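Thanks, everyone. Let me put it on the screen.

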Amino acid sequence: MKREQELLQQITELTYKIETDYPELYELLLEDPSTIPSMEHPKINPKVLQDYLNTLKQHIEHHKTN
């Protein structure tokens, strides 16, 4: 459970950073299919959270380079 809490904390912090530092990117996250689960009731576990965190990081890097 601790690992999940750490990941959730990182996701929260990164999402806040995106919202404050990259508002134009934050708007896109709300529509991005990679941030929306494809299942109605997805199972949340550390791997899913890590994948989501990685996706957020990739969005930032992509945004910085373009």
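In this predicted model, the buried residues of helix 1 include Leu7, Ile11, Leu14 and Ile18. Around the axis they take up an arc of only 70 degrees, so they sit on the same side of helix 1. What lies over them? The cover on the buried residues of helix 1 includes helix 2, residues 23-29, and helix 3, residues 46-65. Turn to the other side of helix 1, and Lys2, Thr12 and Tyr16 are exposed.

A check on the length of helix 1. It runs over residues 2-21, which is 20 residues, and at 1.5 Å a residue the span should be 28 Å. The end C-alpha atoms are 28 Å apart, so the two agree.

Now the salt bridges. How many does the structure hold? There are 2.

One is between Lys47 and Asp51, with 2.9 Å between the closest N and O atoms. Both residues belong to helix 3 and are 4 residues apart, about one turn of the helix. Asp51, at a relative accessible area of 36%, is partly exposed.

The other pairs Lys64 with Glu61, and here the closest N and O atoms are 3.8 Å apart. These two are also in helix 3, and because they are 3 residues apart, about one helical turn separates them. Glu61 is partly exposed, its relative accessible area being 45%.

That is what I have; questions are welcome.

Conventions:
Residues are numbered from 1 along each chain as its sequence is written. This is a predicted model: local features need pLDDT of at least 70, side-chain atom pairs count only at pLDDT 80 or more; totals for chains, interfaces and linings use all residues. Side-chain values use heavy atoms; hydrogens and water are left out. The expected span of a helix is 1.5 Å times one less than its number of residues. Buried means under 20% relative accessible area, exposed over 50%, partly exposed in between (1.4 Å probe, protein chains only). The arc is that of the directions from the helix axis to the C-beta atoms. Contact means heavy atoms within 4.5 Å. A salt bridge is a side-chain nitrogen of Lys or Arg within 4 Å of a carboxyl oxygen of Asp or Glu.
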